[in-house]
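Dear colleague,

Please find below the structure that I am handing over to you. My notes on what was found in it follow directly after.

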Amino acid sequence: MIDLHTHTTASDGQYSPRELMQKAAEKSISVLAITDHDTVAGLEEGAQAAQEYGITFVPGIELNIQRPGCEFHLLGLGLQTISASMRDIIQFLMDSRNERNQFVVSKMNEDGIDVTLEQIQSEFPGQVLGRPHFAAWLEEHSIVRHRQQAFDKYLARGRPWHVERVGANLDESIQAIYDSGGIPVLAHPMSLYLSWTKLEPVLVDFHERGILGMECFHPGARVGECLRLEEIARRLGFFVTAGSDFHGEKVRADRKPGHTCGGKKIDDRFWLEELKPALEARQKP
């Protein structure tokens with residue numbers, strides 16, 4: 001069992017990189033990728049812990065890409081170094097995220113909640129603030145009963161405190177992943193919110209621009225959708241990955257490490273027959 005998409009406290013996950021590796025070892029996961037949102041801060045700790053637990057570690061990142069009306073995330077898997085171009089993108093995304101968070105706090109203040117961004121940040125030291133942290137803060141301070149209510153009432157798209165994210169440029173992000181020795185993989189394609197008819201030409205364009213892999217198996221999609229995505233990926237020349245997008249039980253109780261759509265265990269083939277050969281081919285001189 002493997003997992004090529006997980007998150008830690010370096011972004012918006014529940015567990016530290018070391019704790020996540022321990023949990024993976026307890027679940028008999030043999031290969032694990034840490035793909036925190038817009039940061040590589042957890043990779044060093046993750047690599048050390050993976051070695052101690054005998055887990056094959058895949059250093060990664062999940063970049064937010066600019067595209068209106070959808071959630072477009074790009075995984076960089078198998079990072080060897082962190083290039084200057086990657087650091088520039090991370091800094092741009094961090095600055096944009098901080099501006100967005102300040103807008104959210106301003107909206108909260110307008111609705112009578114007396115809090116500053118610094119006060120919220122102090123309750124999540126060392127973490128990259130995002131909507132899950134705001135939801136957790138609202139629950140902790142009894143403004144909502146549970147985190148999902150925070151999204152439903154305040155933070156989701158169309159709700160009063162929602163602020164659109166600014167993403168990175170796609171081509172620059174693809175190049176930054178290559179510059180860092182990794183491979184670009186399209187995360188959860190269903191989040192592009194495109195019909196099947198419109199999706200395929202977009203995927204063709206992505207492949208031509210340098211995205212080589214596609215995360216066809218993700219718990220946010222139905223099993224039938226994932227199988228259809230795999231068929232499209234094969235036809236268009238992508239290799240295929242699978243992940244849990246695990247953040248922790250307190251963040252998303254329905255997601256488990258090493259499991260993907262339909263609660264299915266993630267088969268070793270997505271490492272042995274898909275990502276590993278792609279990384280080896282990429283690293284050949």
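How many of the residues of β6 are buried? Five of its five residues are buried, so that β6 is mostly covered; buried means under 20% relative accessible area, exposed over 50%, and partly exposed in between, with a 1.4 Å probe and protein chains only.

Please note that this is a predicted model, in which local features need pLDDT of at least 70, side-chain atom pairs count only at pLDDT 80 or more, and totals for chains, interfaces and linings use all residues. Residues are numbered from 1 along each chain as its sequence is written, and side-chain values use heavy atoms, with hydrogens and water left out. Helices (H or I, at least four residues) and strands (E, at least two) are DSSP runs, numbered from the N terminus.

The sheet

Strand β6 belongs to an open sheet of seven strands, whose order is β1-β2-β3-β4-β5-β6-β7 and whose pairing is mixed. Two strands pair if DSSP finds at least two bridges between them. In general, the strands of a sheet pair through backbone hydrogen bonds, either parallel or antiparallel. At the edges are β1 (2-6) and β7 (239-242), each of which pairs on one side only. From one strand to the next, the twist averages 30°.

Strands β5 (residues 183-186) and β6 (residues 213-217) run parallel and are joined by two bridges. Leu186 has Met214 in β6 as its bridge partner, and Val185 stands opposite Gly213 in β6.

Helix α7 (residues 170-179) packs on the sheet, where it touches β3 (56-65), β4 (72-77) and β5. Contact means heavy atoms within 4.5 Å. The direction of α7 makes about 15° with that of β4; angles run from 0 to 180 degrees between N-to-C directions, and axes are lines fitted to C-alpha atoms, for helices over the stretch in contact.

Ala176 is placed in helix α7. Ala176 counts as buried because its relative accessible area is 0%. Not counting residues up to four places away in sequence, Ala176 touches Ser83, Ser85, Met86 and Ile89. Ala176 and Ser85 are 91 residues apart along the chain, yet their C-alpha atoms are separated by 5.2 Å.

How do helices α3 and α5 pack? Helix α3 (residues 84-110) and helix α5 (residues 131-140) pack at an angle of about 30°, and their axes are 11 Å apart. Because of that angle, α3 is roughly parallel to α5: angles under 35 degrees count as roughly parallel, over 145 as roughly antiparallel, 65 to 115 as roughly perpendicular and the rest as oblique. The crossing of α3 past α5 is right-handed; a crossing is right-handed if the near helix is turned clockwise from the far one by less than a right angle, and left-handed if anticlockwise.

On the α3 side, Arg100, Asn101, Val104, Val105 and Met108 meet Arg131, Phe134, Trp137 and Leu138 of α5. The residues of this contact divide into six nonpolar, one polar and two charged. Here Ala, Val, Leu, Ile, Met, Phe, Trp, Tyr, Cys and Pro count as nonpolar, Asp, Glu, Lys and Arg as charged, and the others, Gly among them, as polar.

In helix α6 (residues 147-155), the residues Gln149, Ala150, Phe151, Tyr154 and Leu155 are buried. The buried residues of α6 pack against α3 and α5.

Individual residues

Most residues other than glycine have a negative phi. Ser28, which is not a glycine, has a positive phi of about 60°. Ser28 lies in the loop between α1 (17-26) and β2 (31-34), and counts as exposed because its relative accessibility is 56%.

His188 is also a residue other than glycine with a positive phi, near 20°. His188 lies in the loop between β5 and α8 (196-209) and is buried, with a relative accessible area of 6%.

Asp245 is found in the loop between β7 and α10 (269-283). Asp245 counts as buried at 6% relative accessibility. Not counting residues up to four places away in sequence, Asp245 touches His5, His7, His188, His218 and Arg255.

The C-alpha atoms of Gln51 and Pro17, 34 residues apart along the chain, are separated by 12 Å.

With kind regards
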